[in-house]
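Dear colleague,

I am handing over the structure below, and after it I describe what was found, going slowly from one part to the next. Please keep the structure open beside the text as you read.

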Amino acid sequence: MRKLGTVCLLVFFGIANGVFAAGLAIPEQGAAAMGMSAAMTARSEDLSSLYYNPAGLDYVERNEAMLGMTPIRPSHTYEGSGVTVNSAAKTYIPPQLYFAHRSSSRLVLGLGIYTPFGLGTDWNPGWTGRYTSTFAEVQTMYFNPTASFKVTNWLSLGAGFSFVYSRATIEKMIDSGLQVYSQSRDASAIANPRNDSKFSLEGEGGGTNWNVGAMLRPIERMQIGLAYRSETNVEYEGEASFSHPSHLAASLSTAMPALQNGKTTLNLPSTISVGLLYDLTERWDASFDANFTNWSSYDKLVIELDKKLPVEEITQRKDWDNTTTFRLGTSFDMNELTVLRGGALFDQSPVPDNTFDAQLPDSDRIGLSLGFGRKVGTVNLDFSYLFLMFSDHKKNNYVGYADLTDTFPPTPGSIPNGVVDAADQSMLSYIRGAEYPAGNGTYGSNAHLFSVAASIRF
């Protein structure tokens, strides 16, 4: 039965469940851009083009620099099992730094440093979904040299190469009461916070990708933008640790050592964006974007452990879906010094119901944005606000449950089969006499984003 208890714990050793969800992507990479809900693929008016479509840098006359930041305050709420739980309120502040230089009549060179992935969640360690997640935080930094080349008056091309650096911290609780139950058959030991162990993974890694873009001007009032960014394979290395309750430390420390090295490769998806910009009048324009994200490349996550304890590697199915995001943006020049902006978006979630959990509760969302820009001497100042409203997403799956057996009711000598299914779910509830705390219920989210940027041409 000791083997049964150890294997039961393996299902709680999963890490990075949904950490890189669409909700973790940060496409708002400039204050002016966010004011128009990032409908930017066909626009060429500020240095955020370096991120959205490198061909859009062709507007730069001499030298230009831009510095910005985007404070983001997400909120997550869980309702289920007769309780309501709110995640801890946190504010994330991803920065943007861009620079561009015209080196010839046709060529503009640029460099962008920005953070297109980030955020996280922070749940109370004793909450009902603690076996799926208690804390997750991811930070990334892209270093993106770029070039834009004007082929003709109606066509510009751009290309870039990115060096990606990322850090991640993942924490969750482990039901070590399963180990106690495997020896004593004491059902009260299961899902008892007194018997919970803490699992933590801290790692960092890097990768590369490339991006290309084109800007077409078929008629005087219209621009069409096309952009592509390749898949990024981020290779993480770090330390995995277990912290056990004192009364179980002796029996658990051998199978789950306090510290060991771990590594994994995360496949961030490729993206294709198509945009249209049309000047409605000399002072008013509108843009539309469709962004296609190949999230189906994230079909599984494999974690390797150097001490091979409790196992050599863990494979988790993800099976994410490809998504499409639609964006509308508009700007109106009040005068030579002031511009007003607005926008709206609809963004699909890639996370299917069968792998959805609490590390980053993701769902389809709509967003509304407002912004304005003001020229002060030689400096352009931009400010914007975006509100994201997420649809409720119900978790009713096996994520967070233990793999006890492939038969139900349990038979003498039965052992786990490596698959968590309805039989395991039913067995845990049967043994405890109550629903197992795997965080099944309804999740609701929203987010407030603010952005400010200053740019100067010289």
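**A buried arginine and its surroundings**

The side chain of arginine 229 makes a polar contact, at 3.4 Å, with the side chain of asparagine 209. Please bear in mind throughout that this is a predicted model. Arginine 229 belongs to strand S10, which covers residues 222-229, and its side chain also reaches the backbone oxygen of tyrosine 51 at 3.4 Å. Although arginine 229 is buried, it has no salt bridge, and the nearest side chain of opposite charge, that of aspartate 289, is 12 Å away. Leaving out residues up to four places away in sequence, arginine 229 touches a set of residues that includes Tyr51, Tyr114, Tyr142, Asn144, Asn209 and Trp210.

**Aromatic residues**

Tyr51, Tyr114 and Tyr142, which were among the residues touched by arginine 229, also belong to one aromatic cluster, together with Tyr52 and Tyr98. The count of aromatic pairs comes to 21. One of them is formed by tyrosine 298 and tryptophan 320, edge-to-face, with 4.7 Å from centre to centre and 90° between the planes. This pair links distant parts of the chain, 22 residues apart, since tyrosine 298 is in the loop between strands S14 and S15, while tryptophan 320 is in the loop between strands S16 and S17. Tyrosine 298 counts as buried because its relative accessibility is 2%, and tryptophan 320 is buried as well, with a relative accessible area of 3%.

**Nonpolar cores**

In soluble globular proteins, nonpolar side chains tend to be buried together. The largest nonpolar core here has 42 residues, and those with the most contacts inside it are Leu47, Tyr98, Trp123, Trp127 and Tyr443. Tryptophan 127, if its neighbours within four places in sequence are left aside, is in contact with Tyr78, Val85, Thr132, Ser133, Ala358 and Tyr443.

**Helix H6**

Leu428 leads on to helix H6, residues 422-432, where it is buried along with Ala423, Asp424, Gln425, Met427 and Ile431. Helix H4, residues 177-184, is included in what covers these buried residues. At the N-terminal end, aspartate 421 caps H6, with a side-chain oxygen 3.1 Å from the backbone nitrogen of alanine 423, and just after H6, glycine 433 takes a positive phi of about 75°.

With best wishes

Definitions and conventions:
Residues are numbered from 1 along each chain as its sequence is written. This is a predicted model: local features need pLDDT of at least 70, side-chain atom pairs count only at pLDDT 80 or more; totals for chains, interfaces and linings use all residues. Side-chain values use heavy atoms; hydrogens and water are left out. Buried means under 20% relative accessible area, exposed over 50%, partly exposed in between (1.4 Å probe, protein chains only). Helices (H or I, at least four residues) and strands (E, at least two) are DSSP runs, numbered from the N terminus. Contact means heavy atoms within 4.5 Å. A polar contact is a pair of N or O atoms within 3.5 Å; within protein, one must be able to donate a hydrogen and the other to accept it, and residues adjacent in sequence count only if both atoms are side-chain atoms. A nonpolar core is a set of buried Ala, Val, Leu, Ile, Met, Phe, Trp, Tyr and Cys residues joined through side-chain atoms within 4.5 Å. Lys and Arg count as positive and Asp and Glu as negative; His and the chain ends are not counted. A salt bridge is a side-chain nitrogen of Lys or Arg within 4 Å of a carboxyl oxygen of Asp or Glu. Rings of Phe, Tyr and Trp (its six-membered ring) pair if their centres lie within 6.5 Å; planes under 30 degrees apart count as stacked, over 60 as edge-to-face and the rest as tilted.
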